[in-house]
Amino acid sequence: MEKRIKTLYTVTIIAIIAFLGMQIYWLYNRYEFSLKEYERNLSERIGKSVDLYNAIREKSYDPRADSVRINGKDASVFSIPTFSLKQEYGDTVKTTRTSKIYTYLFSAYELLGLEPGTTLTEEQKDRAMKLAEIQMAEPVDSMVFDASGAKDESEAWLATTDVLTERKCPFRVEGIDSVLNKAGIKAETSLARADSMIWRTKVEYHSSVFTPGLTMTIPYSQLQGKTVSIVCPINPLDVLPGMWQALVVTLLVSCLLIACLLLQFSTVLKLSRLDKMRNSFISTMIHELKRPISTLKMCVSGLDNQRMLDNKEMRKELLSETRNALDNLSAYFSKLRDITFNNVEQIPLNIQNINLHDLLEDVSSTVVNPSSKFVDIINNIDSAAEISADRTHLFNIFNNLIENAIKYSGNNVEIKISSTQNGDSTEILVSDNGNGISSADLKHIFQRFYRGKASAGEQPGMGLGLAYVKLLVDAHGGEINVESVERRGTRFTIRLPQ
């Protein structure tokens with residue numbers, strides 16, 4: 001049985017560890033999934049913030065005319081973006097796109113015949129541009145880019161206009177930080193120029209689940225290779241709310257399954273202990289019954305001896321021993337009967353007024369003192385002290401406590417019994433100078449079949465004595481407490497209502 005229990009214990013521990021490992025692995029994968037979802041949402045928010053900042057930059061200047069002074073005259077800078085498309089056919093079709101930006105200078109006031117400094121309306125500006133397009137021949141500046149990396153003409157056109165936006169309103173760290181802060185995004189931003197054109201946004205997701213972070217490289221002027229790097233650290237606690245349902249379900253299921261495993265193992269242990277207690281109880285009961293039965297057999301054998309019967313003293317002793325053996329058997333079976341009652345109300349009580357001093361004297365006279373020990377029972381109870389209780393049960397209470405004090409002590413045993421009247425209750429103190437009870441055993445000594453570890457293998461017994469004492473005290477409506485110090489002694493305090 002013990003081998004099976006050890007095997008079950010090992011299997012239970014392995015099962016719990018394996019289950020917890022599976023749950024941790026599942027939660028890790030769930031956390032990874034939630035973290036990726038969080039990062040995807042965060043990257044979308046960052047992308048929208050960059051688009052918003054680019055829109056703000058585009059609106060921060062007039063793309064059709066910027067006023068400058070050339071040779072002391074007012075002139076206008078007019079940049080025209082355009083691109084050309086060339087396709088070569090062979091085994092594959094090769095598409096070459098070229099983006100161009102030409103810059104011209106002209107005077108809108110001269111073209112329109114207006115006085116310099118006059119405020120131009122939108123219609124006047126548009127008209128000046130159309131007139132300038134007819135007259136323009138040589139640009140003052142030109143920029144040519146290879147836009148073959150663009151996926152289509154639309155993307156090449158947008159990249160070309162981004163160059164103009166960057167020239168008119170440069171991309172600034174302070175500007176994008178302001179937009180990100182308004183969106184509730186805390187990040188570190190920096191500008192960089194790549195050796196080659198970057199057409200797509202690059203996103204680097206977390207490399208560590210403990211210190212996750214998102215890094216985005218976003219081109220804001222593709223043809224010039226200009227990019228902004230946004231590094232956004234992620235607090236793992238911000239990810240957990242997205243998986244709270246999974247956490248709650250996992251926690252509940254884990255607790256339930258672990259509780260079931262532990263309860264199953266605890267039940268097996270209890271059954272094992274009950275089996276041991278049953279075997280111990282049967283062995284001890286046989287041992288306890290042997291003594292009075294052996295005494296009875298001896299006495300019956302003596303009755304067959306006519307010479308012993310003719311001796312009055314011997315006959316009297318045989319009859320006394322026979323009565324004592326029968327009394328012991330009767331008391332033993334009464335104890336077993338009382339200890340098996342479901343509740344104390346079922347124990348019959350014959351309440352009467354008892355002289356407590358005389359009762360203790362009777363108990364002292366019937367206690368068997370081992371020949372190897374010197375026992376001194378000191379009766380400090382007043383000779384006139386009386387108590388209302390069941391005499392038989394009170395006798396058994398004293399008898400059990402005194403026998404335990406003698407059993408678990410050294411060679412010189414001193415037992416003191418005293419009583420006091422406190423209002424409507426009587427308090428009885430039974431103290432000894434025995435071995436004492438350990439603090440670990442102290443809280444269990446009134447449990448049925450419990451035997452302290454220090455005495456379980458030294459003295460015979462079933463662990464019913466103190467449980468029986470408490471049962472009888474409870475049946476009287478009283479209470480019993482114990483104080484003990486190892487190797488110094490024990491004191492029991494019994495309070496019985498009057």
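1. Two strands are taken to pair if DSSP finds at least two bridges between them; helices (H or I, at least four residues) and strands (E, at least two) are DSSP runs, numbered from the N terminus. By this rule, Arg-193 stands opposite Lys-226 in β8, and Ala-192 stands opposite Thr-227 in β8. Strand β8 covers residues 226-233 and is joined to β5 by six bridges, with the two running antiparallel.

2. The model under review is predicted: local features need pLDDT of at least 70, side-chain atom pairs count only at pLDDT 80 or more, and totals for chains, interfaces and linings use all residues. Residues are numbered from 1 along each chain as its sequence is written, and side-chain values use heavy atoms, with hydrogens and water left out.

3. The chain contains 13 helices and 15 strands. Of its 498 residues, 35% count as buried, where buried means under 20% relative accessible area, exposed over 50% and partly exposed in between (1.4 Å probe, protein chains only). Among contacts (heavy atoms within 4.5 Å) with a separation of 6 or more, 69% are made by residues 24 or more positions apart.

4. An open, antiparallel sheet is formed by four strands in the order β5-β8-β7-β6. Its edges are β5 (188-193) and β6 (202-204); each has a single partner strand, so one side of each is left without a neighbour in the sheet. From one strand to the next, the twist averages 20°.

5. Within this sheet, β7 and β8 run antiparallel and are joined by eight bridges; Met-216 stands opposite Ile-230 in β8. The two strands form a hairpin with four residues between them, and Gly-225 in the turn has a positive phi of about 70°. Six of the eight residues of β8 are buried, so this strand is largely enclosed by the rest of the structure.

6. Helix α4 (residues 153-168) lies across β7 (213-221) and β8, at about 95° to β7. Helix α5 (residues 173-182) lies across β5 and β8, at about 145° to β5. Axes are lines fitted to C-alpha atoms, for helices over the stretch in contact, and angles run from 0 to 180 degrees between N-to-C directions.

7. A further open sheet has five strands in the order β10-β12-β13-β15-β14, with mixed pairing. Here β10 (374-379) and β14 (479-485) stand at the edges with a single partner strand each, so one side of each lacks a neighbour in the sheet. Neighbouring strands of this sheet are turned by 15° against each other on average, direction ignored.

8. Seven bridges pair β14 with β15 (residues 489-497) in the antiparallel sense, and the bridge partner of Ser-484 in β15 is Thr-490. Helix α13 (residues 465-475) packs on the sheet and touches β14 and β15, its direction making about 145° with that of β14. Helix α11 (residues 391-407) lies across β10, β12 (412-422), β13 (425-432) and β15, at about 145° to β12.

9. Finally, Tyr-9 is placed in helix α1 (residues 2-59). At 45% relative accessibility, Tyr-9 counts as partly exposed.
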